Amino acid sequence: MQSTDLHAFSPIHAVALRPKQNSEVAFGAVSASKSGLTTQEVRDKSLAGVKDRQANRETGGRMKGKVGIITGVGPVAGIGTAAARIYAREGASHLYLLDFQGEQLPQLAAELQQHYPTLKVTWTQGDAASDEHIQKIIKQAMEEEGRLDFFFANAGISIPKPKLKEGDDPAIAGLKGMAKGMSGTDAEDVFLAVKYASAALARVNPAKGKTIPGGSLVLTASVAGKLANAGPIPYSASKAAVISMAQTAAYELTGQNIRVNAICPGLIQTDMTKLAFDYARATGKEHRMGTLNPLLRQGLPHEVAELAVWLSSDESSYVNGQALSVDGGLTGSMPYIRAKM
Ligand SMILES: NC(=O)c1ccc[n+]([C@@H]2O[C@H](COP(=O)([O-])OP(=O)(O)OC[C@H]3O[C@@H](n4cnc5c(N)ncnc54)[C@H](O)[C@@H]3O)[C@@H](O)[C@H]2O)c1
């Protein structure tokens, strides 16, 4: 039978390429020997390895001397907090942290300064979707440091709660609430970040070592902004707007040496998804979390944060206007039915 593109995409073909449990797999001349591990053990060991490698990473200089703002840095296990730690590890000189949950911020600032004594950390309890708060934190950075190099617009909520009045039809009120909720969700704070931070990134200050304009805007979107089934309408639509903003802003800022990229996380184990993980644990189904993707596991916050830092650094100097997924391969596939492994 003649092979076609459709065959390449067919589940039968995919299954034929997939190694059977504990069987030998040939990679050209190289033959991988039996691992003797079950799929579950591979999953668990790979998650443990990801944690270990992060704990043992050495300090680097990818963000040396850079000044930046991160929003959505509240929870201990969040993407923003993981990012703050990595920006610090990579030598950033001053981090401005913003979240509307302020409880963890002093502790995080103290932890970072203890590990990296030359790092300055300023935290603010505020709303990333407030024009006033965003302008204020950018102004503060420009007054204190005379430069801004990156803005990681990461703040986000998963489900804006529609407000129901007595007598409302829940379906209609729900939809109206969702549409209304969108104006207070991720798209709005990302828009403000792009609007105000781009003006600051474009400013040079030779006395502070910034001789050419530019910098990086990193916007947290989601796989929900690319495809259905990862969130309700307001969340998904606002994340789609974030992706569009990365693409459009990259072009609106033509010639200013400002890069704008979006990150699209898949299922990441953070406060946002805590309820789902708690429920899975309580019902003995924790091992099923994240198994829609070919790595068969959830992501950890620092796996997303590493990309944010790379996109903020000069190492990604030719990456612009992109929406990069960090999802274990989830959005890399046509829908298919996984055969029993
Ligand atoms: N966890 C996931 O599976 C996942 C998947 C896709 C995308 N994301 C996105 O990643 C980003 C970080 O999420 P997380 O999983 O670390 O969640 P998280 O709940 O652990 O952290 C998000 C933080 O953002 C803060 N925040 C929300 N809106 C804010 C606002 N307007 N002003 C100030 N602070 C605000 C919250 O207080 C919270 O501290 C979000 O944009 C989220 O939508 C997460």
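Strand 3 and strand 4 pair in the parallel sense over 5 bridges, where pairing requires at least two bridges found by DSSP between two strands. The model is predicted: local features need pLDDT of at least 70, side-chain atom pairs count only at pLDDT 80 or more, and totals for chains, interfaces and linings use all residues. Residues are numbered from 1 along each chain as its sequence is written.

The protein chain contains 11 helices and 9 strands; these are DSSP runs numbered from the N terminus, with helices (H or I) of at least four residues and strands (E) of at least two. An open sheet is formed by 7 strands in the order 5-4-3-6-7-8-9, with parallel pairing. Strand 5 (120-125) and strand 9 (323-326) stand at the edges, and each has a single partner strand, so one side of each lacks a neighbour in the sheet. On average, neighbouring strands of this sheet are turned by 15 degrees against each other, direction ignored; axes are lines fitted to C-alpha atoms, for helices over the stretch in contact, and angles run from 0 to 180 degrees between N-to-C directions.

| Residue | Bridge partner | Strand of the partner |
|---|---|---|
| Ile70 | Leu97 | strand 4 |
| Ile263 | Leu324 | strand 9 |

Strand 8 (residues 258-265) and strand 9 pair in the parallel sense over 4 bridges. Helix 4 packs on the sheet, touching strand 3 (67-71), strand 4, strand 6 (150-153), strand 7 (215-220) and strand 8, and its direction makes about 165 degrees with that of strand 3.

Buried residues make up 37% of the 341 residues in the protein chain. The largest nonpolar core has 73 residues, and Ala83, Leu217 and Leu219 have the most contacts inside it; such a core is a set of buried Ala, Val, Leu, Ile, Met, Phe, Trp, Tyr and Cys residues joined through C-beta atoms within 7 Å. Helix 8 gives the most to this core, with 8 residues. Beyond its neighbours within four places in sequence, Leu219 is in contact (C-beta atoms, placed from the backbone, within 7 Å) with residues including Ala153, Val190 and Val242.

Conventions. A residue is buried if 20 or more other C-beta atoms lie within 10 Å of its own, exposed if 12 or fewer, and partly exposed in between; C-beta atoms are placed from the backbone. Two residues are in contact if their C-beta atoms, placed from the backbone, lie within 7 Å.
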